[in-house]
Amino acid sequence: EPNREEATCILRSLVPGLEAHHGVRMGNGAVEAAVAHTGRHLPHRRWPDKAMDVADEACAAVRIRTEIAADRKGGDAPGNADDDDDALLPLPPLVLIGDAVLPPKPDSGRLVGSTDAPAVPPSVAADVPSVTEDDVAAVLSAWTGVPSHRISPPPAR
């Protein structure tokens with residue numbers, strides 16, 4: 001099992017793929033919270049898997065929450081059968097290689113490396129919802145039953 005620093009590094013390398021897949025942004029605070037909180041509240045699971053699972057679910061929750069809010073703002077009820085604009089953001093196509101799903105590099109067809117950011121058009125970059133430490137805590141609260149306000153912030157380094 002990797003240590004905390006290695007798990008954080010691994011999760012950071014996966015963040016561009018999560019962001020591209022879910023159409024959200026995930027800052028360093030949310031990444032560090034996913035690793036720190038899972039270390040404390042999910043001791044029976046192993047890093048980096050437990051941190052990746054929590055981060056993925058937090059990204060999905062933010063995306064769903066944002067889409068529901070957009071539907072309500074537009075006057076449509078969520079889940080209408082005639083709702084053709086399902087996508088919150090234009091997402092890049094994904095490439096499947098083994099078990100890895102990676103977005104292609106913008107305008108090149110090459111795969112994005114772990115240090116490249118996902119392609120989000122500049123016109124929608126300001127509208128991209130962000131995953132926060134609170135979103136990570138909410139996922140852990142749902143999984144563990146620990147109230148989200150009791151999940152402590154990650155310890156200072």
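Analyst: A crossing is left-handed if the near helix is turned anticlockwise from the far one by less than a right angle, and right-handed if it is turned clockwise; by this rule α1 passes α3 in a right-handed crossing. The model is predicted, so that local features need pLDDT of at least 70 and side-chain atom pairs pLDDT 80 or more, whereas totals for chains, interfaces and linings use all residues. Residues are numbered from 1 along each chain as its sequence is written, and side-chain values use heavy atoms, without hydrogens and water.

User: Are α1 and α3 roughly parallel or roughly perpendicular to each other, and why?

Analyst: The axes of α1 (residues 4–22) and α3 (residues 49–73) cross at roughly 25 degrees; angles under 35 degrees count as roughly parallel, over 145 as roughly antiparallel, 65 to 115 as roughly perpendicular and the rest as oblique, and α1 and α3 are therefore roughly parallel.

User: How are α3 and α5 oriented to each other, and why?

Analyst: They pack at an angle of about 110 degrees, with their axes 9 Å apart, and α3 and α5 are therefore roughly perpendicular.

User: What makes Asp135 and Arg65 a salt bridge?

Analyst: A salt bridge needs a side-chain nitrogen of Lys or Arg within 4 Å of a carboxyl oxygen of Asp or Glu, and here the N to O distance is 3.1 Å. The pair links Asp135 in helix α5 with Arg65 in helix α3, 70 residues apart.

User: Does Asp135 count as buried or exposed, and why?

Analyst: Buried means under 20% relative accessible area, exposed over 50% and partly exposed in between (1.4 Å probe, protein chains only), so Asp135, at 11%, counts as buried, whereas Arg65, at 45%, is partly exposed.

Note on methods. Axes are lines fitted to C-alpha atoms, for helices over the stretch in contact, and angles run from 0 to 180 degrees between N-to-C directions. Helices (H or I, at least four residues) and strands (E, at least two) are DSSP runs, numbered from the N terminus.
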